Amino acid sequence: MPISATGNKRGLSEKGFTLIELMVVLVILGIASAAVVLAMPDPGGRVRDEGERLAARALAVRDDAILGGRSTRIVVEAGGYSAERRTQGRWQSYDGKGFGIVAFPAGVTAATAETGRVIVTFDATGAVAEPAAIDLSKDAVVVRIDIPANGAVRVS
């Protein structure tokens, strides 16, 4: 014989959920939906992440120029970028993970000059001859990578 929490007998015609049970279910659904919304990626985050990745690789190329005592450069085109170093009087692509040709994800493009590419060359001190600004965009979101003459790399 079922008995309720208050000790009263429940009849067979009293079927259903109590108000407390319904409120608990609503709280659980609210927490689950909040978790889903927080886990959704930011639409502009993909461009920002790609800008951070490009900046990190540019810094690694600059550091290699300083440590190796030779010129290095990063070449940015509309669809991706690559890194090169000056060896035996000519530019050669880097060998190794993260320094090969990197393509931007779908929808992300770089604003390039009339030549279709932006080349940032670091000398053996880590400085650049020509400061550069590279704009990455996807939809209406734009991220700028600034590389001034001192070789610092900033994402804004």
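**Briefing: strands, core and surface of a predicted chain**

Strand 5 and strand 7 (residues 132-138) run antiparallel and are joined by 3 bridges. This is a predicted model, in which local features need pLDDT of at least 70 and side-chain atom pairs count only at pLDDT 80 or more, while totals for chains, interfaces and linings use all residues. Residues are numbered from 1 along each chain as its sequence is written, and side-chain values use heavy atoms, leaving out hydrogens and water.

**Overall make-up**
- The chain has 2 helices and 9 strands. Both kinds of element are DSSP runs numbered from the N terminus: helices are H or I with at least four residues, strands are E with at least two.
- Along the sequence the pattern is α-α-β-β-β-β-β-β-β-β-β.
- Of the 156 residues, 28% count as buried. Buried means under 20% relative accessible area, exposed over 50%, and partly exposed in between (1.4 Å probe, protein chains only).
- Contact means heavy atoms within 4.5 Å. Among contacts with a separation of 6 or more, 50% come from residues 24 or more positions apart.

- Four strands form an open sheet in the order 5-7-8-9, with antiparallel pairing. Strands pair if DSSP finds at least two bridges between them.
- Strand 5 (109-111) and strand 9 (154-155) are the edges, and each pairs on one side only.
- Thr 109 stands opposite Ser 137 in strand 7.

**The core**
- The largest nonpolar core has 27 residues. Such a core is a set of buried Ala, Val, Leu, Ile, Met, Phe, Trp, Tyr and Cys residues joined through side-chain atoms within 4.5 Å.
- Leu 54, Val 76, Val 120, Ile 134, Leu 136, Ile 145 and Ile 147 touch the most other members.
- Helix 2 (45-68) gives the largest share of this core, 6 residues.
- Leu 136 touches residues including Leu 54, Phe 104, Thr 109 and Ile 145, not counting those up to four places away in sequence.

**Ser 82**
- Ser 82 sits in strand 2 (residues 80-87).
- Ser 82 is buried because its relative accessible area is 15%.
- Beyond neighbours within four places in sequence, Ser 82 contacts Arg 73, Ile 74, Val 75, Gly 100 and Ile 101.

**The surface**
- The chain exposes about 10100 Å², with carbon and sulfur atoms supplying 59% of it. Accessible areas come from the Shrake-Rupley method with a 1.4 Å probe; for residues, only the protein chains shown count as cover.
- Ile 20 lies in helix 1 (residues 19-39). Ile 20 counts as exposed because its relative accessibility is 59%.
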